[in-house]
Amino acid sequence: MPTGIRDYPARAREIIRKDPLVRESVTGATIAFDEKRRRSYAEIDAEAWRRWAEGVKNHTLTHLDRYLTEAEARLEANGAEVHWAEDAAEAREIVMELAQRHSVRDVVKGKSMLTEEIDLNPALERARIDVLETDLGEFILQLFNEPPSHILGPAIHKSLQQVRNLFTEVLRTDSDADPDTLAQAAREALSDVFIRADMGITGANFLVAETGTVALIENEGNIRLATSLPRVHVAIVGIEKLLPRMTDLAGFLQLTARAATGQPIGCFVSLIQGPALHPEDDGPEEVHVILVDNGRTDVLAHEHAWEALRCLRCGACLNVCPVYRQTGGHAYGYVYSGPIGSVLDPGLLGLHEAMPLPFASSLCGACFDACPVRIPIPELLLEWRREAQEAGLTPWKERAALAGLAGMATRPGLYRAAGKLGSRLAGTGMARSLPMLGAWAEDRALPKPSRRTFRELWRAGIE
Ligand code: SF4
C-alpha cells in the first residue's frame, strides 16, 4: 500500500498553518480521552496491571508459533474456518474469494485498523460490493470520504459543526441537531443495511488460543450486529493479537478499556468462537478467521522493535502526545499514526519507507507512562533514529547540524563563543534568518534570553 509518510513535514506544516480547526478538535478530544484514562488508572494499581500485561504479552510473543497453532486447532474444532495471509494482497484475496463464494453484495464492517492497513474497502468496492462502515466515527468518515485519523476515535479531527453540516446534507437532520440526534440518525441509516448484509467483517481485539475465542470490545453495539446478523462473519486478525488463556482475556478487557476510554470495561464485549451450530441458534452460518502477518514476523525478529507488537491499539499514547495533538493523524500519512505509528511503521514498512516518522517526537516520554503494556516508545524511537543515521537516511540538514554541533561541543573555546553569540542573537529576530534554525523558529515565539550565558552566571555565582 503506497503511503504518504514522506510528505509528513509538509503536511504537518500545512495543517498547522491552514487548518487550525484540526488542531482545536484533536487537542480537545485527546485531552478529554486522556483525563478519563488518568482517572481510571488512579482507581487501580495501574503499575501492577501494566507490568502484568507486559509480561503476558512478552510471553505470548516469544511463544507465538505455539499459540497460533493452538488457536487454529481450537477455532477449527469450534467449526470456524482459519486462513493464513502472509501479506495484504493475500488477505484481500481471501476476503474476495469468500465474498464470491457466498455471492455477497452488501458488507457491514466493524471498526478495524487492520482492514485499513490491508486496503480492503477499495478492493471490495472494485468488485461492486457495497461496504458500509458501522462504527459512528467510521461512518462519518466514509461520508466525508476520508481515512481514520486516530486508532480509537477515527473522526476526532472533525468538529461537531462539520458533522452537523454533513448530516444535514446527507441525512436531512436539523442544522443545529445535538450529538444524540446525529447518532440516532446514523443508527436509522444503518439499520436496514444490517438486515440485508450478507457478510460482516471485523477485526479483533484479542484471540484466545486456549478456546479459539475472538474478542471484540465496543461501545455502540454495531459490532454485535455485524457479527451476528449476516450469514458470514469474517474476522481479520493480526498474528500479534494472541492471548494464551481466557483468564488473561479477563484482565486485558479491563485494562484496554481503561487505557482507551477510561471505562472499567467496554459497553459490549463479543466473544466469538464459531458459527451457529444448530438452526435455532443465533449467529452466522460461517465464521472465518484470517490470520494476517503483513510484516509482523519481521518486526518480531527485530532486536528492539518487537516490543511494539505488544500494542493493544488503545490510542492512549496518541492522546497524550504533544506532537500528535498539533496535527492529528492524517499528517503522518499511514494507518498507524502518533507515537505507536512512529515506532511500528518502520518495522512494518521498512525504515526507508517510514522516514521521517522516528523523528516526529519530542521524546518527552508521556507515551510510555500512558501505555498499558509499557512499550518503551522513546527508546524505540531512539533506536530507529540510530539505524536511520547509520543507514544515511536522516536529512542532510540534520546530519550537517549534528556534525556542526559535535565539532563545536568538542572545542571548548568555540563552544563558549557560540554560546555568547547565540544568547545575543536569540530574541533579536535574527534567529529567524539563520539557515536551518530559521525554519524551526518560524512558528515559535522565542523567549527573550538572559544577556549572560549560563557559564558566565555560574562563574559569577561561584566567585
Ligand atoms: S503503544 Fe501502548 S498506548 Fe499506544 S496504542 Fe499501543 S497499547 Fe495503546
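This is a predicted model: local features need pLDDT of at least 70, side-chain atom pairs count only at pLDDT 80 or more; totals for chains, interfaces and linings use all residues.
**Entry 1**

Six strands form an open sheet in the order 1-10-7-4-2-3, and the pairing is parallel. Strand 1 and strand 3 (130-133) are the edge strands, each pairing on one side only. From one strand to the next, the twist averages 20°. A reminder to myself: strands of a sheet pair through backbone hydrogen bonds, either parallel or antiparallel.

**Entry 2: strand 10**

Next I looked up strand 10, residues 286-292. How many of its residues are buried? I found seven of the seven buried, so strand 10 is largely enclosed by the rest of the structure. I then checked the two faces separately. Glu-286, His-288, Ile-290 and Val-292 are buried on one side, and Val-287, Val-289 and Leu-291 are buried on the other. Both faces are therefore covered, and my cut-off for "buried" was 20 or more other C-beta atoms within 10 Å of a residue's own.

**Entry 3: the neighbours of strand 10**

I followed the pairing to strand 1, residues 81-85, which runs parallel to strand 10 over five bridges. Here His-83 stands opposite Ile-290, and Trp-84 stands opposite Leu-291.

Then I turned to strand 7, residues 232-238, which runs parallel to strand 10 and is joined to it by seven bridges. His-233 stands opposite Val-287 of strand 10. Which residue is the bridge partner of Gly-238 in strand 10? I found Val-292 there, a residue I had already noted as buried.

**Entry 4: strand 7**

I gave strand 7 its own check. Seven of its seven residues are buried, and the strand is mostly covered.

**Entry 5: helices**

I looked at what lies over strands 2 and 3. Helix 10 (residues 179-196) lies across strand 2 (106-109) and strand 3, and runs at about 120° to strand 2.

My other helix item was a pair, helix 2 (residues 20-42) and helix 12 (residues 246-261). Their axes come within 6 Å and cross at roughly 140°. How are they oriented to each other? They are oblique, because an angle counts as roughly antiparallel only over 145 degrees. From helix 2, Phe-33, Lys-36, Arg-37, Ser-40 and Tyr-41 meet Arg-258, Ala-259 and Thr-261 of helix 12. I sorted this contact by class and got three nonpolar, two polar and three charged residues.

**Entry 6: the ligand**

Last, I looked up the surroundings of the ligand. Which of the 15 residues around it come nearest? I noted Cys-311, Cys-314, Cys-317, Ile-340 and Cys-371. By class, the shell has 13 nonpolar residues, one polar and one charged.

Methods:
Residues are numbered from 1 along each chain as its sequence is written. A residue is buried if 20 or more other C-beta atoms lie within 10 Å of its own, exposed if 12 or fewer, and partly exposed in between; C-beta atoms are placed from the backbone. Helices (H or I, at least four residues) and strands (E, at least two) are DSSP runs, numbered from the N terminus. Two strands pair if DSSP finds at least two bridges between them. A residue is near a molecule or strand if its C-beta atom, placed from the backbone, lies within 6 Å of it. Ala, Val, Leu, Ile, Met, Phe, Trp, Tyr, Cys and Pro count as nonpolar, Asp, Glu, Lys and Arg as charged, and the others, Gly among them, as polar. Axes are lines fitted to C-alpha atoms, for helices over the stretch in contact, and angles run from 0 to 180 degrees between N-to-C directions. Two residues are in contact if their C-beta atoms, placed from the backbone, lie within 7 Å. Angles under 35 degrees count as roughly parallel, over 145 as roughly antiparallel, 65 to 115 as roughly perpendicular and the rest as oblique.
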